[in-house]
Amino acid sequence: MDILESDLQWQVKRYKQLIQITEKLHSSLNIDILLGELCVSLKELYPDFSFSLLLSQDTYSHNDLPIIELEYDSENIAAIKAYASGELQFESSLSANTAIIYAPLKGKQVTHGVLQVVAVNSTVFPENEMEFLNLLASAAGSSLENAYLYQQSMREISNLQLINETSHCLNSNLRLVDTMTYMSDQIIASIDAQEVGFFLFSNVHGNVKILPGSTPYFYTQQAKIYIDYLKEKIELEKTPLFIGDINLPNMKNSPSFHSILAIPMIHSEELKGFSIVMHQKPYFFSFDTFKLLQSLIHHSSLALTNSMLREELEHMIITDHLTKLHSRKFLDEKIQGSMKESEEGTFILLDIDNFKEINDTYGHQVGDQVLVQVANLIKRNIRGEDIGARWGGEELALYLPGCPLEKGVAVAERLVKKVSENSEPHITVSCGVSYWNKERLDGYNLLFKRADDALYIAKGTGKNKVVIQENGVRVS
């Protein structure tokens with residue numbers, strides 16, 4: 001009778017403890033706190049036993065807790081069997097004088113791991129202890145599942161908010177550089193990527209263009225090895241790539257990236273380009289991260305295409321189709337802006353001598369080629385801030401903001417010489433030069449008129465020369 005009472009008291013005590021532990025575990029949806037509570041409870045219940053939590057999907061850092069990743073190729077057959085079957089497993093060793101219980105941490109949907117309890121100096125576990133540990137493990141598994149589901153839902157909500165914010169921002173008519181920079185910042189912040197690159201397939205077969213917003217690494221020679229490898233796979237498969245640990249043979253002597261996500265950018269069922277996200281650590285990105293990146297790229301493809309089309313249209317409006325110089329309208333606007341902001345500037349009007357004879361002799365196709373030749377010489381002989389434009393017909397123009405007259409005249413003289421020496425068929429050009437500065441009242445219409453008058457004089461006095469119309473006529 002005393003034994004029965006003692007056993008009953010033990011059971012009552014244990015089940016009270018189980019209720020208290022279960023309440024503690026279910027009171028938190030934070031996985032770190034939950035696992036900490038479980039370990040504290042196990043230490044209190046079994047101070048003479050050792051234990052470990054073998055978790056199957058743990059992505060957290062618990063340096064102070066006895067947590068081990070459950071590996072499916074492990075030699076611990078009993079642990080794998082408990083995990084796979086969802087049933088308690090027991091093993092003992094006479095030689096080591098130990099008994100081990102493996103209790104599955106089982107939720108309603110899946111098993112999340114195994115609780116391993118080791119009793120030293122014993123080869124058996126009391127049956128009632130085994131039953132208690134099984135119930136405790138089930139309570140832990142249920143609370144773990146709730147916490148995992150809660151954190152997963154929080155991630156999903158966060159991801160949806162991120163996608164929504166990104167879509168809203170990208171569809172607010174950003175320029176291409178702003179669109180891609182925003183995307184790059186979002187990806188780095190949301191998935192902790194080290195390198196992010198965006199690539200557009202160019203018209204030249206096999207080539208890709210690195211889009212603005214890509215991290216500086218992708219402009220290096222080393223990055224080209226990754227770009228070429230992934231470009232080939234994307235073109236062939238046209239599907240997203242999730243690479244956990246890549247080792248390219250020609251990267252042995254350089255710092256290498258092992259974790260890579262590569263997502264094709266597709267619009268209207270056409271492959272436009274792709275993005276690459278990289279980290280040096282192997283298996284750094286989770287599959288959830290992979291899915292999030294796919295969603296971000298999918299939602300950004302339309303915005304990217306719109307930005308590209310808008311800039312292409314803008315380029316067409318401000319660019320002459322034949323010479324690829326700027327349009328006259330663009331030149332007018334830039335000169336007006338410069339006369340408000342700069343201190344001085346030089347304007348050059350350039351005309352191809354005897355252009356009608358070239359068309360009559362060689363045909364209009366050669367005439368077009370001559371225009372392109374002169375336009376290319378202009379582009380190669382001016383600064384980045386200078387503006388070359390097609391003025392109309394065979395007349396071309398240059399505006400040199402912040403450039404004093406003497407330097408502007410030197411540019412015009414250099415162009416006259418270059419055209420004469422490098423044109424085929426041989427041609428010459430005449431230039432009229434005008435200048436303005438802040439010290440006197442002036443206007444851009446007067447600037448144009450002075451250059452046009454100077455050009456008229458150059459054409460009428462022998463051609464193949466530079467004439468300056470500035471406080472009187474001067475031939476250089």
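Me: Is Asn464 buried, partly exposed or exposed?
Reply: In this predicted model, Asn464 is partly exposed, with a relative accessible area of 34%.

Me: Where is Asn464 placed?
Reply: Asn464 is in the loop between H12 and S15. Lys463 is found in that loop as well, where H12 covers residues 444-460 and S15 covers 466-469.

Me: What is the phi of each of these two residues?
Reply: Phi of Lys463 is near 65°, and Asn464 has a positive phi of about 50°. Neither residue is a glycine. Most residues other than glycine have a negative phi.

Me: And what is the relative accessible area of Lys463?
Reply: Lys463 has a relative accessible area of 27%, so it counts as partly exposed.

Me: Which residues does a cis peptide bond join?
Reply: A cis peptide bond joins Glu424 and Pro425, with omega at about 0°. Pro425 lies in the loop between H11 and strand S14, residues 429-437.

Me: How far apart are Ala412 and Asn381?
Reply: They are 31 residues apart in sequence, and their C-alpha atoms are 9.7 Å apart in space.

Me: Now helix H10. How does its length compare with what it should span?
Reply: H10 has 17 residues, 364-380, and at 1.5 Å a residue these should span 24 Å. The end C-alpha atoms are 24 Å apart, which agrees.

Me: Which residues of H10 are buried, and what do they pack against?
Reply: The buried residues are Val366, Gly367, Val370, Leu371, Val374, Ala375, Leu377 and Ile378. They pack against strands S11 (344-352), S12 (387-392) and S13 (395-401), and against helices H9 (355-362) and H11 (405-422).

Me: Why are H9 and H10 described as oblique to each other?
Reply: Their axes cross at roughly 135°. Angles over 145 degrees count as roughly antiparallel and 65 to 115 as roughly perpendicular, and H9 and H10 are therefore oblique to each other. The axes come within 7 Å. The contact is made by Phe355, Ile358, Asn359 and Tyr362 of H9, together with His364, Val366, Gly367, Val370 and Leu371 of H10.

Me: Changing topic, how many aromatic pairs does a search of the whole structure find?
Reply: The search finds 15 aromatic pairs. One of them is Tyr217 with Phe218, an edge-to-face pair at 5.7 Å centre to centre and 75° between the planes. Tyr217 counts as buried at 12% relative accessibility, and Phe218 is buried at 1%.

Me: What about Phe284 and Phe285?
Reply: Their ring centres are 5.3 Å apart and their planes are at 85°, so this pair is edge-to-face. Phe284 is partly exposed, with a relative accessible area of 28%, whereas Phe285 counts as buried at 6%.

Me: Which residues do ring pairs link into a cluster?
Reply: The cluster contains Phe199, Phe201, Tyr217, Phe218, Tyr226, Phe257 and Phe274.

Me: Which charged end sits over the ring of Trp391?
Reply: The charged end of Arg328 sits over that ring, 3.6 Å from its centre.

Me: Finally, how many helices and strands does the protein chain have?
Reply: The protein chain has 12 helices and 16 strands. Of its 476 residues, 45% count as buried.

Key: Residues numbered from 1 in each chain as written. Predicted model: local features only at pLDDT ≥ 70, side-chain atom pairs only at ≥ 80, totals over all residues. Heavy atoms only, no water. Phe/Tyr/Trp six-rings, centres within 6.5 Å; stacked < 30°, edge-to-face > 60°. Buried < 20%, exposed > 50% of the residue type's maximum accessible area, 1.4 Å probe, protein only. Lys NZ or Arg CZ within 6 Å of the ring centre and 35° of its normal. Helix = DSSP H or I, 4+ residues; strand = E, 2+ residues; numbered from the N terminus. Expected span 1.5 Å × (residues − 1). Contact = heavy atoms within 4.5 Å. Axes fitted to C-alpha atoms, helices over the stretch in contact; angles between N-to-C directions. Parallel < 35°, antiparallel > 145°, perpendicular 65-115°, else oblique.
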